[in-house]
Amino acid sequence: IVATTAIITSLWIDERAARNDADAAVEQVRTHLVDAYLRQAKLDDPVMRTERLPWLVAALREEEQLPAVADAARARIGRALAASAECRGLLAHDEAISSVAACSDGHRLVTAGLGGVAKVWRLDRPNHPEHTLHHESAVVRVSISRDGDLVATACQDGDVFLWRVTESGPSRHHLVADRAIRDMLLTHDGQWLAAIDFEGASLLWDVQSRVPEAHHVDCPGQVVALGYVVADGVLILGSRDGAIHRWSLPDEAFLPDRIAPTDRLRAMVVDTSGERLFAAGGDHGRLSLIELTASPDRQRRPLASDALVTRLHWSPGRAAGIAVTEAGLAHVLGTAPAPPVRATIDVGGAVLAADLDPLGHRLAVARSDLRTEIWSVDAGGTLESVLLDRERASIVQFLTPTTLLTVNGDLARLWKLPESATPAALA
């Protein structure tokens, strides 16, 4: 009884300490938000402008002389905080997070760490991992099935593992790769795992058969990008020389090559409909659109950007994608029949990470100047809120239209956003 009491007391103390740390972290985030808002308001509001102190502090100090100004200042900062995002959970990984993946509805996500551990989390219980997946080396890539029941992990030493996640615990199945994996994806039905390595080779595993050996897809050229068309069960393989190849998973064969080649390929994404492919290529990384269902002579055309595209991203099942340029322009990409570029937002600086919410209404960006921001796409590219200031985020990922994950080192945060966007300029 004494030993049991001591264990329970120790667990209670640990939990209280963790809760205190979480509260302190949330308070620090709110402080940074207020600081950023004050600095912005000082620049935007000529009535409150002062060179001595931030406008709110100055108003509070002059409360006796100008009570109306102080009340207005309190009301304004209150509205800003009420419309801002709220930190709902802290996911402590205990090692640098290298990769993140979430199932289609966002109820389950996986974080992979460089210390050899991947953790499975549930959105409704974010402060404690549901499962911990141990590996012998750093986990560099992770993918998850649409329903969240299958997780694939790729390690730095070339090992690839498939995990079946259940409430009773995870089960591990080793897949033979013997090479470092550059990128990989699980198909929506959990039937196939596709991957490419750093030498440009393509690998394919039949997950349901549980055969550990991979099938090598003999694709001409060095494959540098991987896509998937859900409706047709077709893998899209982009090679460095600009050729685009389609592999039919049901037929286990290449489809006839009807795709117009791009310039030297840097990156590519396929839209949800499977009708459009966006590619960044050439020496300048310019953005091009390829209409996959059009005739070869009408397939390819350049899009608006003349600047180097540094990030190109489209999560499966999402309503829109994102292309970010070196100059800090974010192009919101549309699925057919919408215009290829729905909107262009100047986020004001170099971007480290970016993601669109599943409905394509909000853009989250982590900038190189240590700011993480939410922009409203529907409001014409208006800044909605500042999540983090003076803190570097390496990953930003929407789990649901109102839930965002940010990663800084070994710590991930879950943010709850307001149901409707409230641009900061209107707060």
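Reader: Which residues does Thr153 touch, not counting residues up to four places away in sequence?

Author: Thr153 touches Ala118, His135, Val139, Arg141, Val142, Asp159, Val160, Phe161, Trp163 and Met184, where contact means heavy atoms within 4.5 Å. The model is predicted, with local features needing pLDDT of at least 70 and side-chain atom pairs pLDDT 80 or more, while totals for chains, interfaces and linings use all residues. Residues are numbered from 1 along each chain as its sequence is written, and side-chain values use heavy atoms, leaving out hydrogens and water.

Reader: Is Thr153 buried or exposed?

Author: The relative accessible area of Thr153 is 0%. Buried means under 20%, exposed over 50%, and partly exposed in between (1.4 Å probe, protein chains only); Thr153 is therefore buried.

Reader: What joins the side chains of Thr153 and Trp163?

Author: A polar contact of 3.0 Å joins them. The term requires a pair of N or O atoms within 3.5 Å; within protein, one must be able to donate a hydrogen and the other to accept it, and residues adjacent in sequence count only if both atoms are side-chain atoms.

Reader: Is His134 buried or exposed?

Author: With a relative accessible area of 52%, His134 is exposed. His134 lies in strand S5 (residues 131-134), a strand being a DSSP run of E with at least two residues, numbered from the N terminus. Leaving aside neighbours within four places in sequence, His134 is in contact with Gly116, Val117, Trp163 and Arg172.

Reader: Which residues have the most contacts inside the largest nonpolar core?

Author: They are Val160, Ile181, Met184, Leu186, Leu193 and Trp205, in a core of 16 residues. Strands S7 (150-155), S8 (160-166), S10 (181-186), S11 (192-197) and S12 (202-206) each supply at least two residues of this core. Such a core is a set of buried Ala, Val, Leu, Ile, Met, Phe, Trp, Tyr and Cys residues joined through side-chain atoms within 4.5 Å. In soluble globular proteins, nonpolar side chains tend to be buried together.

Reader: Why do strand S22 and strand S25 stand at the edges?

Author: Four strands form an open sheet in the order S22-S23-S24-S25, with antiparallel pairing. Strand S22 (309-313) and strand S25 (341-346) each have a single partner strand, so one side of each is left without a neighbour in the sheet. Pairing requires that DSSP finds at least two bridges between two strands. S22 and S23 (residues 320-325) are joined by 4 bridges, so they pair.
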